[in-house]
Structures are given as structure tokens and as C-alpha cells.
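Student: I would like to learn how to read the features of a protein model with some care. Could we go through one together, beginning with the general idea each time and then turning to the case at hand?
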Amino acid sequence: MPIYEYKCAKCGVFEQEQRITAPPLEKCPTCGGPVHRLIGHNISVIYKAGGFYTTENRSQEYKEKAKEESKESKAS
């Protein structure tokens, strides 16, 4: 379930775990005052396919130099 941030005039900012289909809170669970839902900034994204990392999109020249360096380090 997603976690939403709300701001209460008396209590400040708090988080509430809710279903996506649930309506937004209208009252603070602590003091009962009015609340406003904030726009979230901590959004997690999980990539489950290749090509999302900088190491997977390197140029051919970079890859060749990396191979040479690894061979040199193994030889010494």
C-alpha cells in the first residue's frame, strides 16, 4: 500500500498508509483538525530489465579500455 503525506495545521506533517482507492483523509487522526494531502517526493521505482544502469550503456571504447586494465591488473 502506498504511503501518503498529510499536513495538519496543529500537528504538522505526518504519513498515512492507505489503499490507492481510498479517499484522502479530511481530519487529522491525532487532533481531528483539517488536513491537506501533500505531493509526494519519495517515490521508489524498481527496474526489472536491463539497460537502466550507466555501466550497461557505456561506449565500445570504454569497454575495451576496461578490458585492457583488468588484464593488466591480473598480470601484475
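Tutor: Let us begin with the elements: helices (H or I, at least four residues) and strands (E, at least two) are DSSP runs, and they are numbered from the N terminus. Strand β2, for instance, covers residues 12-17, and E15 is found in it. Residues are numbered from 1 along each chain as its sequence is written, and side-chain values use heavy atoms, with hydrogens and water left out. This is a predicted model, in which local features need pLDDT of at least 70 and side-chain atom pairs count only at pLDDT 80 or more, while totals for chains, interfaces and linings use all residues.

Student: How do I read strand pairing, and in which sense do β1 and β2 pair?

Tutor: Two strands pair if DSSP finds at least two bridges between them. Here strand β1 (residues 3-8) and β2 are joined by six bridges in the antiparallel sense, and with three residues between them the two strands form a hairpin. β1 also runs antiparallel to strand β3 (residues 35-37), to which three bridges join it.

Student: What is the order of the strands in the sheet?

Tutor: The sheet is open, and its three strands follow the order β2-β1-β3 with antiparallel pairing. Because β2 and β3 each have a single partner strand, they stand at the edges, and one side of each is left without a neighbour in the sheet. From one strand to the next the twist averages 35°, where axes are lines fitted to C-alpha atoms (for helices over the stretch in contact) and angles run from 0 to 180 degrees between N-to-C directions.

Student: Is E15 buried or exposed?

Tutor: The general idea is that buried means under 20% relative accessible area and exposed over 50%, with partly exposed in between (1.4 Å probe, protein chains only). E15 counts as exposed because its relative accessibility is 53%. Its bridge partner is E5, and although E15 and E5 are ten residues apart along the chain, their C-alpha atoms are separated by 4.5 Å.

Student: Which residues does K7 contact, leaving aside its neighbours within four places in sequence?

Tutor: Contact means heavy atoms within 4.5 Å. With those neighbours left aside, K7 is in contact with G12, V13, P34, V35, H36 and L38. K7 lies in strand β1, and its bridge partner in β3 is H36, while C8 stands opposite V35 in β3. At 46% relative accessibility, K7 counts as partly exposed.

Student: Where is Q16 placed, and what does it touch?

Tutor: Q16 belongs to strand β2 and is partly exposed, with a relative accessible area of 27%. Not counting residues up to four places away in sequence, Q16 touches P2, I3, Y4, Y6, L25 and P29. The C-alpha atoms of Q16 and Y4 are separated by 5.3 Å, with the two residues twelve apart along the chain.

Student: How many aromatic pairs does the structure hold?

Tutor: Rings of Phe, Tyr and Trp (its six-membered ring) pair if their centres lie within 6.5 Å; planes under 30 degrees apart count as stacked, over 60 as edge-to-face and the rest as tilted. The structure holds one such pair. The ring centres of Y6 and F14 are 5.8 Å apart and the planes lie at 20°, so this pair is stacked. Y6 is buried at 0% relative accessibility, and F14 is buried with a relative accessible area of 16%.

Student: What lies over the face of Y4?

Tutor: A charge sits over a ring if NZ of Lys or CZ of Arg is within 6 Å of the ring centre and within 35 degrees of the ring normal. In this model R37 lies over the face of Y4, at 4.4 Å from the ring centre.
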